[in-house]
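Visitor: I would like to learn how to read the features of a structure such as this one, step by step. Could you take me through them, giving the general idea before the case at hand?

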Amino acid sequence: MSETPPPASAAFLLMALGRRIREEVEGALKDQGIALRHLSALGHLAPDPGLSYSELARRAGVTPQSMQATLVALEARGAVARDTDPGRGRTAELHVTPEGTRLQRAAMAIITEVDDRLRARLDDESHQVLTRALFTLIRGEVE
């Protein structure tokens, strides 16, 4: 009696591929001395300097305490600068520095390399269909 494999689960396949991509990107980012959480914070802060820890945390989907720790690490790295003195109840006026912009560019180059390797495994039409499908899923239009 031959066993047939179970039908493919899109959710399982996306999780497995996502884990692989995340590990690859995080490994390359580690060589730059940052992690995805740092890239996320820089990405949210760059277009909106002066956002509060709470707003940055909400946008990144993490706790304010986690975001504060991330931003403290970025400040120590020189990637983020504070225009106000730290203090309880004060809104931190943070902005991305030239070093932060350099880190963002280096990280995006890493992500582009990973994307290029994925794209090389698909023909143009398959890549376009996959990209559209992922956008649809991310926007929550699938019920």
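Visitor: In what order do the elements of the protein chain run from the N terminus on?

Guide: This is a predicted model, and in it the elements run α-α-α-α-β-β-α-α from the N terminus.

Visitor: How much space lies in the largest pocket?

Guide: The general idea is that rolling a probe the size of a water molecule over the atoms shows where empty space is left. In this model the largest pocket holds about 870 Å³ of space, and of the 23 residues that line the pocket, those closest to its centre are L17, I21, D115, L118 and L134.

Visitor: Which elements give two or more residues to the lining of the largest pocket?

Guide: They are α1, α2 (36-45), α5 (98-120) and α6 (124-138). The largest share comes from α1, which gives 8 residues to the lining.

Visitor: How do the residues of that lining divide into nonpolar, polar and charged?

Guide: The lining of the largest pocket is made up of 16 nonpolar, 3 polar and 4 charged residues.

Visitor: Where is D115 placed, given that D115 is among the residues closest to the centre of the pocket?

Guide: D115 has its place in helix α5, and with a relative accessibility of 35% this residue counts as partly exposed. The C-alpha atom of D115 is separated by 9.1 Å from that of I21, although the two residues are 94 residues apart along the chain; I21 is likewise listed among the residues closest to the centre of the largest pocket.

Visitor: Let us turn to charged pairs. How many salt bridges does a search of the whole structure find?

Guide: As a general idea, side chains of opposite charge can pair when their charged atoms come close. In the whole structure, the search finds 9 salt bridges. One of the pairs is R117 with E24, whose closest N and O atoms are 1.9 Å apart. Because R117 belongs to helix α5 and E24 to helix α1, this pair ties together parts that lie 93 residues apart in sequence.

Visitor: Are R117 and E24 to be read as buried, exposed or something in between, and what relative accessible areas do they have?

Guide: R117 is partly exposed, its relative accessible area being 44%, and E24 is partly exposed as well, with a value of 34%.

Visitor: What separates R58 and E55 in helix α3?

Guide: R58 forms a salt bridge with E55, and the closest N and O atoms of that pair are 2.5 Å apart. The two residues are 3 residues apart in helix α3 (residues 53-60), so about one helical turn separates them. R58 itself counts as exposed, at 56% relative accessibility.

Visitor: Which residue forms a salt bridge with R102?

Guide: The partner of R102 is E99, and the closest N and O atoms of this pair are 3.0 Å apart. Both residues lie in helix α5, where they are 3 residues apart, about one turn of the helix. R102 is partly exposed at a relative accessible area of 37%, and E99 is partly exposed at 23%. Elsewhere, salt bridges with shared partners join D48, E55, R58 and R59 into one network.

Methods: Residues numbered from 1 in each chain as written. Predicted model: local features only at pLDDT ≥ 70, side-chain atom pairs only at ≥ 80, totals over all residues. Heavy atoms only, no water. 1 Å grid on protein atoms, 1.4 Å probe; cavity = no way out; pocket = protein on both sides within 12 Å on 5 of 7 lines; lining within 4 Å. Points joined across faces, edges and corners; volume = space filled by probe spheres on them. Helix = DSSP H or I, 4+ residues; strand = E, 2+ residues; numbered from the N terminus. Nonpolar A, V, L, I, M, F, W, Y, C, P; charged D, E, K, R; others polar. Salt bridge = Lys/Arg side-chain N within 4 Å of Asp/Glu carboxyl O. Buried < 20%, exposed > 50% of the residue type's maximum accessible area, 1.4 Å probe, protein only.
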